[in-house]
Amino acid sequence: MSFLGNSKPLLLVYRNMPKQSLSDTVNIMLTPQFYSLKKETLPLKYAFQVKKIAPSLFDGLLENTEKYDYLVYREGEVWVFIAYNLKAINHFLVSKGIRSEQVGKIFFAQQALDKFTAPVLLGDKDALAAIDGSVVLIPQAALEEGSETLTFDERFTPKHGVVLQGAFNSFLSKKQAIALATIFTLFALAFFLEGRRYSEGSEVTKAEIEALLEEYPALQSQYTRKSIAEKYRAIDKNERKKRDRVKTLGNMIFKGVTVDTFKMDDKGFLVRFKCTDAKVAKHLKELSKKEGFSSVKTLTGNIVQIEGKL
Amino acid sequence: MIWKRYQNELIVVLALLLLIIALVYKNVQVSSSTESLALSKQEVREFKELVILKKRWLDKRTSKKLDKLQKLVPSSKLKWQKKGKKLTAGFHGLSSQELNKVITMILNLAVQIQMLEIRNDHGSYNVEFKCKW
């Protein structure tokens, strides 16, 4: 299968052509019956610039109610303008049994000007001939008797053609399709980039881990790390608890309170505070409860005993 | 040849498909990277914590730092016995200021307190302290 479209059979389309029964895709060449032609010498270099002024050239020549498309190309120093109505063309093709999906590319007879070295017969009455640089339709009666005629075939296929879009059967026009596709593609691109950024984000943290491993090679083994962490986390936790208890108990000493005895080991602690009177002892007891010590006793001689586990 | 009839729709559908693939790709990346990022961050956090723990509890200068305890009180009030990485110290007849200094220093040292005992003896304090590191 060729994607160039020029290897397909070329079918010449004219008004009184017989109804077709196609089994495969064809390229078609339209006679001047389906387009309007103008030639202008313009001081413009590029086709896209020329194409912009095409509608104004045909102003008043074409029906305003119809939508026309334009093909612009250069013939030597002259710009050739072809105005065509795709809707009407498609309508005609359908009436002749040619569905739009069977049409590869559309060409215009004018594009194959140099191939019309002799007339091409169209049915019984008309002929297609190049006269004064334009391909025109002439009656066969105007041809000289016994004059040479050409057989129309793929040799007439020009390089560039027009694609008959599915616009007549599809729900979206080409412009709408391109606009939507562009929007979707832009969003897709944004999502791809965002996804890529996320994947790179985790690589930064991985690099940080690698840098740490390089700095502390002794901790490269996960097993070593785990065992060190378990051991020292437990020590850290217990020792912090011991120091917190001592600090809390130290903060509970106020006027009239002195430490009588204090003992702390790995399992717990026991402290006895000597108070000057019962009022101070009561206040200390309340304070210790407030600090969260549950085992608080008042012993004889205004001594407050606090016991606790670690 | 039906595709040709609906080629505009086909273009849009393909672009939409691309969009969906990109969206799925982004979501997969987001969820996987969020997960792995959280794991990596946790790993980094744990690693740093481990380094801090190691520095604190395996500090080679701890022994020297402990020796400074001896300078807080006159030697007459002190019994000092250090063997390897263990210390047994006794402080006798400390004033309340001396007691505060000794206890504050003990609490600020990165040692494992095995025993800390304070006794008030008629206004002066006796301290027994055992630790390892």
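Leaving aside its neighbours within four places in sequence, which residues is A:L128 in contact with? In this predicted model, the residues in contact with A:L128 beyond that stretch are A:T31, A:A109, A:F116, A:P119, A:V120, A:L122, A:V135 and A:L137.

**Nonpolar cores**
- The largest nonpolar core holds 39 residues, and A:L128 is one of those that touch the most other members, together with A:M29, A:L30, A:I82 and A:Y84.
- Several elements of chain A each supply at least two residues of this core, among them β2 (26-30), α2 (86-95) and β8 (126-131), while the largest share, 6 residues, comes from β5(A).
- A second, separate core of 29 residues includes B:L116 as well as A:M264, A:C275 and A:V304.

**Where chains A and B touch**
- On the side of chain A, 55 residues are in contact with 45 residues of chain B, and the elements of chain A that give two or more residues are α3 (174-215), α4 (222-251) and β11 (257-265).
- The largest share of this side of chain A, 21 residues, comes from α3(A), and by class the side has 24 nonpolar, 16 polar and 15 charged residues.
- Strand β11(A) runs antiparallel to β3 (residues 112-121) of chain B, to which 5 bridges join it, and A:T261 stands opposite B:R119 in β3(B).

**Helix α2 of chain B**
- The buried residues of α2(B) include B:V12, B:L19, B:K26 and B:L50.

Key
Residues numbered from 1 in each chain as written. Chains lettered and ligands numbered in written order. Predicted model: local features only at pLDDT ≥ 70, side-chain atom pairs only at ≥ 80, totals over all residues. Buried ≥ 20, exposed ≤ 12 C-beta atoms within 10 Å, placed from the backbone. Helix = DSSP H or I, 4+ residues; strand = E, 2+ residues; numbered from the N terminus. Contact = placed C-beta atoms within 7 Å. Nonpolar A, V, L, I, M, F, W, Y, C, P; charged D, E, K, R; others polar. Pairing = 2+ DSSP bridges. Core = buried A, V, L, I, M, F, W, Y, C linked by C-beta atoms within 7 Å.
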